[in-house]
2 protein chains.
Amino acid sequence: MEKLLMVEDDSALVQRLTEYLSTEGFHCVSAGGQPQAVAAIDAERPDLVLVDITLAEGNGFAVCAHARGKGVPVIFLTASGDELSTVTGLDMGADDYIAKPFRPKELVSRIRSVLRRTSGNHSEIVLRELRVDTGKGLVFRGDQQIFLSALEYRLFMFFLNHRGQILTREQLLDEIWDSAGEYVSDNTLTVYIKRLREKLEEDSQDPRLILTVRGIGYQLKE
Amino acid sequence: MEKLLMVEDDSALVQRLTEYLSTEGFHCVSAGGQPQAVAAIDAERPDLVLVDITLAEGNGFAVCAHARGKGVPVIFLTASGDELSTVTGLDMGADDYIAKPFRPKELVSRIRSVLRRTSGNHSEIVLRELRVDTGKGLVFRGDQQIFLSALEYRLFMFFLNHRGQILTREQLLDEIWDSAGEYVSDNTLTVYIKRLREKLEEDSQDPRLILTVRGIGYQLKE
DNA sequence: AAAGCGAATGACAAAATTGTCACATTAGCA
DNA sequence: TGCTAATGTGACAATTTTGTCATTCGCTTT
């Protein structure tokens, strides 16, 4: 069930919407002001945020920026058509805009549309407890980010794109280094394997991810 | 029309296969030995390589490794079932194996299958003359590789994932730096924009890719 | 035209990456 | 078992990345 965060200081409206959206199969949480909303985005990790631009505490733009930074889609609620034109003109990165007053059905249809559009963007590769967001170029173990250097990332990607295959040392050296026309020591690969293991493996002394295939090369275990 | 490179020293077989594969809509080039094959992979950039393991000059494994390094799929031809078990056991990274003697129709069906499988892997983002292979984490202008540092790559990816949107400085700082909990100077972003422009723009004095939106932030022009 | 502001730039130091040693360890084999 | 070749390790120098100045540049508004 998708979780929606409603950022709105009119508590009567919050209650009405929460009720209605529940019947439509959404789970709602709410925040009355900018600081609460920012905290809630981090803590609740909602699938989508509905933001009223005109908040008593802070303003909706900052909430929008924060949500976008976390990859959470945003729909703006505006009090009037005038406000709406300002917002769309500035294009703060919201995924949609809807002007009050709106029909609840319309809101639901907009929500579904944004979720459909944004949920398709999962360009992720998962292997055991490791996760690579190829869209952003980030690597995680669980929800802990792992920082790989540019070359480490490229080497790891090559392994991921050839999961299970035994890759020869020559193949790996070619892929990561030879493409630039440089020739590096054979040991350089060994060292990079060590560095990858230190960052990626549970226990780098006992590698279960990148296995050595003696006399041939290495293999990323599925 | 797909181009196939046949690495085989039995010239009678080469001729027969070339004829047959032409009628099936493939363009064939051939190489008789390992050195010629390696050169042909670089020069001809075939869509697929057929390799006979038992060559008079050199061996098929090296050809396979070179092709895989260039991202070109490989089908091995083996003289006997025994050889085949050796090859599959070692898993040199070939995309398929076929034992002689084989029916031409079978070969064609295997070729089509491999091409279908491998051509689907294009996780590429293209913008003007720039191309990002998100699967490998590489950036090109034309066929010239551009080396981005890890942070530059992340920043560029964020722009690419939000093409056309005006992104505020705060949003960008959050996305690239705040996720690690660090706080960096506002000017750091400016400097990174400059560095990205130097690497990505035709003329960094006159940016057409990453535009400044005065008072707000930046925008990646579609 | 001058002032004021945000953005761009060049230069810089600290930190990280990168490639290579020399040496240690290990696996496979005689 | 002990030998040998292959792989792993810690340390290192060179280079690149990274973040921050101080300063300059160029719009906008007086």
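This short talk describes how two protein chains meet, how DNA strand D is surrounded, and how one sheet is built.

Good morning. The model is predicted, so local features need pLDDT of at least 70 and side-chain atom pairs count only at pLDDT 80 or more, while totals for chains, interfaces and linings use all residues. Residues are numbered from 1 along each chain as its sequence is written, and chains are lettered from A and ligands numbered from 1 in the order in which they are written.

I begin with the two chains. Chain A contributes 28 residues to the contact and chain B contributes 27 residues; two residues are in contact if their C-beta atoms, placed from the backbone, lie within 7 Å. On the side of chain A that touches chain B, at least two residues come from each of α3 (60–69), α6 (150–161), β10 (166–168) and α7 (169–176) of chain A. Helices (H or I, at least four residues) and strands (E, at least two) are DSSP runs, numbered from the N terminus. The largest share, 5 residues, belongs to α6(A). By class, this side holds 7 nonpolar, 13 polar and 8 charged residues. Here Ala, Val, Leu, Ile, Met, Phe, Trp, Tyr, Cys and Pro count as nonpolar, Asp, Glu, Lys and Arg as charged, and the others, Gly among them, as polar.

How are the two chains related? Chain A is superposed on chain B by a rotation of 179° with 0.1 Å of shift along the axis, at an RMSD of 0.4 Å. In chain A, the C-alpha of Ala150(A) is nearest the axis, at 2.5 Å. Of the interface residues of chain A, 96% are also interface residues in chain B, so the copies meet through the same surface.

I turn now to the DNA. There are 21 residues around DNA strand D, and Thr212(A), Ser149(B), Leu151(B), Val184(B) and Ser185(B) come nearest; a residue is near a strand if its C-beta atom, placed from the backbone, lies within 6 Å of it. α8(A) gives the most to this surface, with 5 residues. The surface divides into 8 nonpolar, 9 polar and 4 charged residues.

Finally, chain B has an open sheet of 4 strands in the order β6-β7-β8-β9, with antiparallel pairing; two strands pair if DSSP finds at least two bridges between them. Its edge strands, β6 (124–127) and β9 (144–146) of chain B, each pair on one side only.

Technical notes
Copies are superposed by least squares on the C-alpha atoms of residues with pLDDT of at least 70 in both.
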